[in-house]
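Biologist: Please take a close look at the pockets of this model. Walk me through what lines them.

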Amino acid sequence: MGKVLSALMRSFASLARPGLWRYLLAPAGFSLLLWLGLAWFGLGELVAWLLQNPPMTLLASWGLVWLATFLAYLGGWMLIFALAYLTTAMIAAVFVLPWLLEKVAAREYPELAALGKDSFVAALWNSVVATGLFILGWFASLPLWLIPGLGLILPLLLLAWFNRKTFAFDCLAVHATEAEWQEIRRAHAWPLFVLGLVLSLMAHVPLLGLLVPALSALAYIHYCLEALRQLRGGALVSITPQQIQESGT
């Protein structure tokens, strides 16, 4: 937990640099517009659809129409929030994270050698897969909403998994080799998930939640680059894959 808190504290400390705020505010503005648009045009249709499908139809057959309606509206709002967050997080992961990574790595982790691959296609595919699996998991979890409390807990856990899946890979793609990425994913699986869970809780805080997708990118950058620095034992020489190739010829 200490490493998670350290990454969060470093992220908030980085916000003292005014130049980073534009990377947070742009996704936040997009998220706000998308959220309002989805709510305005889609909430009614979404609630109606939920009321016509299990488990809401089961509750209605038991005479609990009020509970079915309440859960349908709750589910509708949570799905709208999730779709807005997922879309903004994809934008943050694919477009904002590389800019943040370049700035933060150069300033705070200059000794880390960039031994990975900078692939826009790989980052986009990773985000698309994470989004697709999240949506499938969300719909698959609907029957479990009948269990008190799970309707609130399961979306948080799914969003925590999404954060880890989306941002951890992209943060290390440029700097870590495949072997280093596999080792960090194995050794830091739980802390990376806990970091995603903390961020998913923050995402539900009014106003602050709008900043969380870009803040998630920043927090995972700090956590992952620090984990890589410790894995390499604090190596001080920064080299590139091209230099390695040239030295071997």
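Modeller: Four helices, H4, H5, H6 (150–172) and H7 (178–187), each supply at least two residues of the lining of the largest pocket. Helices here are DSSP runs of H or I with at least four residues, and strands are E runs of at least two, numbered from the N terminus. This is a predicted model: local features need pLDDT of at least 70, side-chain atom pairs count only at pLDDT 80 or more, and totals for chains, interfaces and linings use all residues. Residues are numbered from 1 along each chain as its sequence is written, and side-chain values use heavy atoms, with hydrogens and water left out.

H4 gives the most to this lining, with nine residues. The largest pocket is lined by 32 residues in total. Nearest its centre lie Lys117, Asp118, Ala173, Val174 and His175. By class, the lining has 22 nonpolar, five polar and five charged residues. Nonpolar means Ala, Val, Leu, Ile, Met, Phe, Trp, Tyr, Cys and Pro; charged means Asp, Glu, Lys and Arg; the others, Gly among them, are polar.

The space in the largest pocket is about 600 Å³. A pocket is an open set of points on a 1 Å grid over the protein atoms alone, with protein on both sides within 12 Å along at least five of seven lines; a 1.4 Å probe is used, and lining residues have an atom within 4 Å of a point. Points are joined across faces, edges and corners, and the volume is the space filled by probe spheres set on them.

Now the second largest pocket. Its volume is about 220 Å³. Of the 14 residues that line this second pocket, Trp35, Phe81, Ala203, His204 and Pro206 are the closest to its centre. Two or more lining residues come from each of H2 (21–51), H4 and H9 (208–231). H2 has the largest share, four residues. The classes are 12 nonpolar, two polar and no charged.

Helix H4 spans residues 65–108 and holds Phe95. Phe95 is partly exposed, at 43% relative accessible area; partly exposed is the range between buried (under 20%) and exposed (over 50%), with a 1.4 Å probe and protein chains only.
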